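Please open the structure in your viewer and keep the selection tool at hand.

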Amino acid sequence: MMIPNFVSILFVIVTSGLCPTFCSRMVFMHSAVLDEHGKYHLKWRFDEKTITFETEVETKGYVGFGLSPTGRMAFSDIVIGGVEKGQPYLQDYFADMNREVLRDYHQNYRLEYAMENSTHTILGFSRDLHTCDINDKPITESTIRVIWAYHSEDFGHPGPKYHGLNRGTKSLRLLNPESHTVTNSGTAFFDIRHNNVPVPFKDTTYWCKMFKIPEVDRKHHIIKGFTYPPHVGVSIGMTLDPVYILMEMHYDNPTNQEGLIDSSGLRLFYTPVLREYDAGVIETGVWISLFHIIPPGLPEYISEGHCTTGCLQEALEHEMPSGIHVFAVLLHSHLAGQSLKTRHFRNGDEQQPLAYDNEYDFNFQELQYLKEERTLLPGDHLVTECKYNTIDRTNVTLGGLSTRDEMCLSYLLYYPRINLTRCESLPVISKQLQFIGVKEIYEPVTTWPFIIKSPKKYNNLSFIEAMDKFRWSKKKGNAFNDLVRQLPMNVRCSKHGEENWLVHGLAVSPPEVKQTGEPQLTTCNRASPLHLSSMMPLFPVICAAYSTIRIRWLMCL
């Protein structure tokens, strides 16, 4: 790669490790440490079209950075750079399905600056969010699996030497990162944390502990754990406010390790300086139940959980007719979850999604701040849509608490707080049983899961055992999915405590909705065509980056 003379001259100036004037002016709003030893630091900033990275790594050799669809090398978008004999270098690469690292014909990463001292190498580089290059991974608001590597020696003519153990992966939200704010040193706080809890050596444990909220003489607002917007806080100290906090810790120990001790928890900051609004949380999606059934062996299965028009109509008209304002969303499923989205409908027309993550990572779950607060009005309708992959499973996956079970949930953070905690749905079970040939169950139901009476092949089996005995295929699984998405559903519409709204428990049909979101088109010129190799002929393409539907890859026509 040709390096302009002015870049080389600037580098000679900074070989002592001091950052030149142009570098010091570049302010990065976001940062992360990628490795457990603190040797690989990443900073980044972005605008509507471009993202700029800075890597600071404890090495005098090459530095590798990449974006991966899975966290592994295959099909990764990679950049490798460093400083050798006073000359900075940066090359755009990609890994094929066999994990072979190949030089990208189109060099879409741009070197901004590079420097090296006796211990560290710093690289600044940028690229477009969407390059229309099939070997470059589009950067969206979904979770991005960043891969990293480094070596003590520079690149060399044959190519980079194997990095050995100096490598890893970390999931980040590059375009919608968690907000970090500095809290005043005098702000009061209290901790809720476990104290040397022995983690049980079993697959799944929900460990609960009750904590008393500090007594205050007047109303206060909790403002951080999650950093709340400046006009919103969680109310404590009032008659209707909680006195205790129940912390429920989910321990996932699939290998049954023994001797694990946990003392983790949360620190909550609170203040008597009140914000304008009290915050609330609503759980929406699929009602957690064994009746949430996902067949095995499918590359894609879609579950939909409805926060129905009836529930929002009743609750909002009674509590807040002018509507509530959502400012953050947490999407949640388990290990089979691949893609999640919270869809918003008004009068049957689809609005922009509240939140989405097309590359969901169960091991990386953060609240998503909405760029603009979204108002929910009486009569609106929400659908939490979850796509699962069960291609490697031989038994049905059921809704439940274990990591090997599944969930499909959206947690909405909003203001002002109203008396609504859950707005969910669950497809009726009768038609699901009929699909696999169940004719009759034993009644009255005295055991759970309930037992099947006929036909003979299912006699005395629980409905779960019958679901597993059914001979699933991809065709049958898809047909089951089509059926379930059209079934009547039971509505969950809960208040605080044990009370419910009147629509709770009703069976309603899912509404017919229109999708109005259209893809935004980006025209790619001849300088950056879609290609599979350096031998591909040049041709103009049009790339569609779906902002309102689904963004898995940049679709180029």
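Select Arg 485 and Glu 304 in this predicted model. Their side chains form a salt bridge, with 2.9 Å from N to O. Arg 485 is found in the loop between helix H6 (474-484) and strand S35 (489-494), while Glu 304 belongs to strand S23, so the pair ties together parts that are 181 residues apart in sequence.

Next, select Lys 387 and Glu 300, whose side chains meet in a salt bridge of 3.5 Å, N to O. Lys 387 lies in strand S29 (residues 381-388), and Glu 300 is in the loop between strand S22 (293-294) and strand S23 (301-307); the pair therefore ties together parts 87 residues apart in sequence. Lys 387 is buried, at 15% relative accessibility, whereas Glu 300 is partly exposed, at 40%.

Now move to Arg 404 and Asp 203, which form a salt bridge whose closest N and O atoms are 2.3 Å apart. Arg 404 lies in the loop between strand S30 (397-398) and strand S31 (409-415), and Asp 203 in the loop between strand S13 (197-198) and strand S14 (204-212), so this pair ties together parts that are 201 residues apart in sequence. Arg 404 is partly exposed, at 28% relative accessibility, and Asp 203 is partly exposed, at 27%.

Across the whole structure, a search finds 20 salt bridges.

Definitions and conventions
Residues are numbered from 1 along each chain as its sequence is written. This is a predicted model: local features need pLDDT of at least 70, side-chain atom pairs count only at pLDDT 80 or more; totals for chains, interfaces and linings use all residues. Side-chain values use heavy atoms; hydrogens and water are left out. A salt bridge is a side-chain nitrogen of Lys or Arg within 4 Å of a carboxyl oxygen of Asp or Glu. Helices (H or I, at least four residues) and strands (E, at least two) are DSSP runs, numbered from the N terminus. Buried means under 20% relative accessible area, exposed over 50%, partly exposed in between (1.4 Å probe, protein chains only).
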